[in-house]
Amino acid sequence: MNTESVNFIKDHALLLKEKYNESLAKINEADLKGEDSSFYKGQSLAYYDALDLIKSQVEAFGYNSKEVNLVVPEFGKQAI
């Protein structure tokens with residue numbers, strides 16, 4: 001994979017991980033306030049699914065997902 005593609009995937013995955021982590025924080029915040037967190041749970045699942053899809057596609061095209069530092073977190077746990 002060329003350097004530009006690797007950098008694009010790394011950046012895209014990093015942004016999705018940040019959004020995923022933000023949605024988890026909003027779930028916790030809503031739960032603490034006794035508010036409905038359903039929207040944030042759906043948002044969290046969408047970000048998780050996008051990360052998993054990117055990883056699957058990288059691997060389907062024969063690339064190593066670790067080369068682009070693409071690790072999908074356990075659902076509901078913070079992404080590192």
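Leaving aside residues up to four places away in sequence, serine 23 touches Tyr40, Gln43, Ser44 and Tyr47, where contact means heavy atoms within 4.5 Å. This is a predicted model: local features need pLDDT of at least 70, side-chain atom pairs count only at pLDDT 80 or more, and totals for chains, interfaces and linings use all residues. Residues are numbered from 1 along each chain as its sequence is written, and side-chain values use heavy atoms, with hydrogens and water left out.

Q: Why is serine 23 called buried?
A: Buried means under 20% relative accessible area, exposed over 50%, partly exposed in between (1.4 Å probe, protein chains only). Serine 23 has 1%, so serine 23 is buried.

Q: Which element is among those that cover the buried residues of helix 1?
A: The cover includes helix 2 (38–60). Among the buried residues of helix 1 are Val6, Leu16, Tyr20 and Ile27. Helices (H or I, at least four residues) are DSSP runs, numbered from the N terminus.

Q: What span is expected of helix 1, and what span does helix 1 reach?
A: The expected span is 1.5 Å times one less than the number of residues. Helix 1 (residues 3–33) has 31 residues and reaches 45 Å from first C-alpha to last, close to the 45 Å expected.

Q: What follows helix 1?
A: Glycine 34 does, and its phi is positive, near 75°.

Q: Why is phenylalanine 61 called exposed?
A: Its relative accessible area is 61%, so phenylalanine 61 is exposed by the cut-off of over 50%. Phenylalanine 61 lies in the segment after helix 2.

Conventions
Helices (H or I, at least four residues) and strands (E, at least two) are DSSP runs, numbered from the N terminus.
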